[in-house]
Amino acid sequence: MTNTKGINFIKWDANFIFLILLIFGLILIIISPTIIRQLNGVGLLGQESYLNYRLANLIKENRGIPNYDDLSFGGRYFIYAVGWPVFLVLFSTLTKLSLENTSIILPIFFGLMNIIMFYLILKNLLLRRLQVYASSFFLLLSPAFLYLGSASSATVFIIFLLFLGFYLQLTSKPINLAISFICFILIPLFSYSQGILISILLLLYGLLINRKRLKFLILTIFVISLIYIFYYINYGGFEQIKFNVTENFSVVNYFAEFGSDYGIGIFSAFLAVVGLIKMKTNKLFKVYLILLSIILLILIKYLTWPIFYFNFVICILAGYGLVVLLRFKWESKLIKKTTIAVILFGTFASTFLYISRAESFEPNIYLIEGMKYLAEEGEPYQTVFSHYDLGYYINFAGMKNIFDRYFLYAPKPNKRYADSRAFIYAEDLETINKFLKDYSVDYIFIDKKRYNELYKDKMVNRYLPFYLDIDKRFRLVYKNEEVYLWRVYSIDD
Amino acid sequence: MKFKLNKLFILLIFFLNLGFRLYFVSNTEFMSDDFSYFHLRNLIQLKTTGQLGYDSLSYGGRDIFYPLTYYYVILLFSLLLPLELIIKILPEILISILPVIIYLTVKLIVRNKYIALFSGLVAGFLPVTIQKTLNQASIYSLALPLIFLMFYLFLEVIYKKKNIGLFIILSFILPIIHPSTFIFVLTLIFYSILLFSESVPIKGIKLESILFSIFIMLIIGFITYNKAFLEYGIKFVYANSPLNYLETFRGHKLSDPLNYIGIIPLIFGSIGIYLGIFKYRKNSVFLFSSLILSTIALLLFSLIEYDLAMMFMGLSFSIMAGIALKHFFSYLEITKFQRYKNIIIIAICVITFISIYPSFGVAFNVMDNTLTTEEVEIIQRMGGRVDDDSSIMANIEEGHYITYFANRKNVADTYYLFAPDVDQRLNDIDLVYTSWSRAIALNTLHKYKVSYIYLSERTKLKYNIEDLKYIEDEKCFKKVDEYKGNKFYQVGC
């Protein structure tokens, strides 16, 4: 008799070591961008992290949700989707960790959870094992996913809620359905806009793929709608944005290889196209993915978060695409091997190049130093004029901004935008004086990226920069490779 | 014996071309276009600093981005001979390989080495190729042979299933040579469409090699030129060229193809296309017809320089001419004219040599327009006079002469990618040379901190002027140097 117990033990041991290595590898890849940034002293990643950190801090100091935010838009009612900042505060209080550390750890944790949930869902949808592995592999190495796991944004948690809810509703146990229901209805508390997208996504799923769950999903969507009605009754309507926040949108910016901070991978995108073309097994699933892609592609033009959802679709299709390429009857084995080697090597190389760039992602060291200077030299609650993209950073430095990216329920966003444009492209002192007086501007803060966007193809010396150079009221008090800060003195000074 | 004759033909074509070219090149120590000096400066910078990045002289200071492969090839050979010598000889050697490739391609298609020799000779002496590559460090000296080698290998792969490895390797190299190599991708796309429309099946190795090369070349191209994508978006294809220069048909007559390509390749090539597509449905004819189609498409959208387009068309017609000749002789076999076959062959040989004759005229013309010692001396003297950070105003086609020979800043030159305000600068240069107004000229000159204006014989010819129209005021515009009609004015106020 052979010692089967011993063999099983060895097998289990080998599997266990493999599993440990796999998890270790997973963690290592996900935390790499964060580690690189921390080692280089560039702090949190992405502007939303700074908004969430500030809001969490306000909630913590106030021991509850405050009514008013003094800094954003020069002062506004505290109407934010507070789910994520509250979660940060709760976690920080429970674990005694600082808010900054909580803002670093939680995205990594939920990033890991997301990839596990993604794997479990694909496995549960009875996809081929190779495809499940391949899709998970592409997801893990995708720049958008790595960004998601490095930035303190509600999206990472919303996707976790979505995946958990989705996974649980695949089973028939009532308790699982109840948890699934709770997961879904929590989403609007974390983001108003993502709540709407997820409702559409669930409805399409019920209609096209899982008719058995249609009633459950309609009930969920109904409750989510009630939450929105509650918001509407409480806060009323909001002013619609009438300007184009995507004027510098370019499709190439959404590929990480072209320098985007949170783009999809070009190799995954190619495989996804192959996967989509060759997908024949489940037509409704294909229709669902196409519809989802169209919706997301339209939204990507206006918002940043849809790219993270789109990345999941791309990875599912890329996994399928890889399987297609592997099983395709190639006449030339050399071309087959080279193609697959290029895709795999390219995916790895692009991920490592992406991680190595983490230090330069926004905010980079120059922006951080500019913020530090502003925080140290400026008086609290002074007003800083800048591009709305830099608004969160100004608030983080403890100063008021004229406007920022959180336009929802913001006071007069269209007027502020129009006035700021008039100021930026002012050709006379009258316009400049009016703006400075109306908004009591104490500083003007701009970085190279926004400066180039604003004055690209324009004769700079006709507009505000000319006056910043010659008018003695403006003094350049801080400058580094990318950031400029002018102190604005009143005419009497 | 057959094998030896084949080799002899290859050597004959190569040395005939090289001898022709070296004869002209040895007549001058300078190169025949301004862009060669752009390459030379980049090569010197690359050799000394190991990288290309910022050029402090071009456009008064701008970023430089140029594919480096060509430079590395030259630098590799510069280990054996001085750089100034290599940059004159190596491009001539490289471009002399092109007719050999055309010979091999035609031989592969028509399986007749005499006809292949005819095509090789015609291709080697195409007027437009001589005009754009003779005595110039043109990147096309490397790009054109490689593109046509790629076509040859593609045919080898689909006809004989040979040289797959080389085809794969070249797919990686081609996109990093120059963006013009993307014409291969476009040709394959047109080729697939043509085959599809003619119900010719695309499967097996043909399909694999088409998809593989398109995929690899696009991926590598996107990664190589991502900086340009990011800066210009989809407009990167125009390489920031000034609007006037984008009108590719401007200044060209309908009869120009006749002068650029020559009457023999044009007539025989057209017959070859007709026979190949409509009568014999040959793969190779579809391929080179696609090259012509894609060139026309690029021309229509102003995405390719007129001269480069003519080179591609001329070379394609040379190949097609071989196909036409093959069918002509086959047809001759079954007619009563067969007994005059030798006379016809002699007649064709005579016509071939007659068609080569205009190339000598083109070559002499190129050499006549080459920079003279007098021009170089006056530019160098002026370089010694400028002792500050100011610029020298020269016509745009002489911008690189200023940076190379005078080692001083220019206002603009003919390398537009990443250059600042190209259209504005071109307009301003035109204004300085053509304006009647001293005030306007001075204003423009001050804008670019110009201390000297260079008025060469070329500039006079370009703007059809005898002199600057506002030079009566000697206080502001003092003639400081003149040598054989080339003058320098100092801007004094």
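The model is predicted, and local features need pLDDT of at least 70, side-chain atom pairs count only at pLDDT 80 or more, and totals for chains, interfaces and linings use all residues. Residues are numbered from 1 along each chain as its sequence is written, chains are lettered from A and ligands numbered from 1 in the order in which they are written, and side-chain values use heavy atoms, with hydrogens and water left out.

A cavity is a set of points, on a 1 Å grid over the protein atoms alone, where a 1.4 Å probe fits but cannot get out. Grid points are joined across faces, edges and corners, and a volume is the space filled by probe spheres set on the points. Six cavities of 30 Å³ or more were counted. Lining residues have an atom within 4 Å of a point. Three elements of chain A give two or more residues to this lining: β5 (443-447), α19 (448-455) and α20 (464-470). Helices (H or I, at least four residues) and strands (E, at least two) are DSSP runs, numbered from the N terminus. By class, the lining of the largest cavity has 12 nonpolar residues, two polar residues and no charged ones. Here Ala, Val, Leu, Ile, Met, Phe, Trp, Tyr, Cys and Pro count as nonpolar, Asp, Glu, Lys and Arg as charged, and the others, Gly among them, as polar.

Charged pairs were considered next. Side chains of opposite charge can pair when their charged atoms come close. A salt bridge is a side-chain nitrogen of Lys or Arg within 4 Å of a carboxyl oxygen of Asp or Glu. The count is 26 salt bridges over all chains. One of them joins A:Asp447 and A:Arg450, at 2.9 Å from N to O. A:Asp447 is buried, at 5% relative accessible area. A:Arg450 is buried too, at 1%. Buried means under 20% relative accessible area, exposed over 50%, and partly exposed in between (1.4 Å probe, protein chains only). A network of salt bridges links A:Glu362, A:Asp389, A:Arg405, A:Asp447, A:Lys449 and A:Arg450.

A:Arg473 and A:Asp471 also meet through their side chains, in a salt bridge of 2.9 Å, N to O. A:Arg473 is buried, with a relative accessible area of 12%. A:Asp471 is buried at 15%. In chain B, a salt bridge of 3.5 Å, N to O, pairs B:Lys484 with B:Glu374. B:Lys484 lies in the loop between β6 (477-483) and β7 (486-491) of chain B, and B:Glu374 lies in helix α18 (residues 373-385) of chain B, so the pair ties together parts that are 110 residues apart in sequence. B:Lys484 is exposed, at 58% relative accessible area. B:Glu374 is partly exposed, at 22%.

B:Leu79 sits in the loop between α3 (69-77) and α4 (83-110) of chain B. B:Leu79 counts as exposed because its relative accessibility is 70%.

The backbone was also inspected. The peptide bond from A:Glu362 to A:Pro363 is cis, with omega near -5°. A:Pro363 belongs to the loop between α14 and α15 (365-377) of chain A. A:Ser440 is a residue other than glycine with a positive phi, near 45°. A:Ser440 is in the loop between α18 (429-439) and β5 of chain A. A:Ser440 is partly exposed, at 45% relative accessible area. B:Asn163 is not a glycine either, yet has a positive phi of about 60°. B:Asn163 occupies the loop between α7 (140-160) and α8 (164-173) of chain B. With 33% relative accessibility, B:Asn163 counts as partly exposed.

Technical notes:
On a 1 Å grid over the protein atoms alone, a cavity is a set of points where a 1.4 Å probe fits but cannot get out, and a pocket is an open set with protein on both sides within 12 Å along at least five of seven lines; lining residues have an atom within 4 Å of a point.
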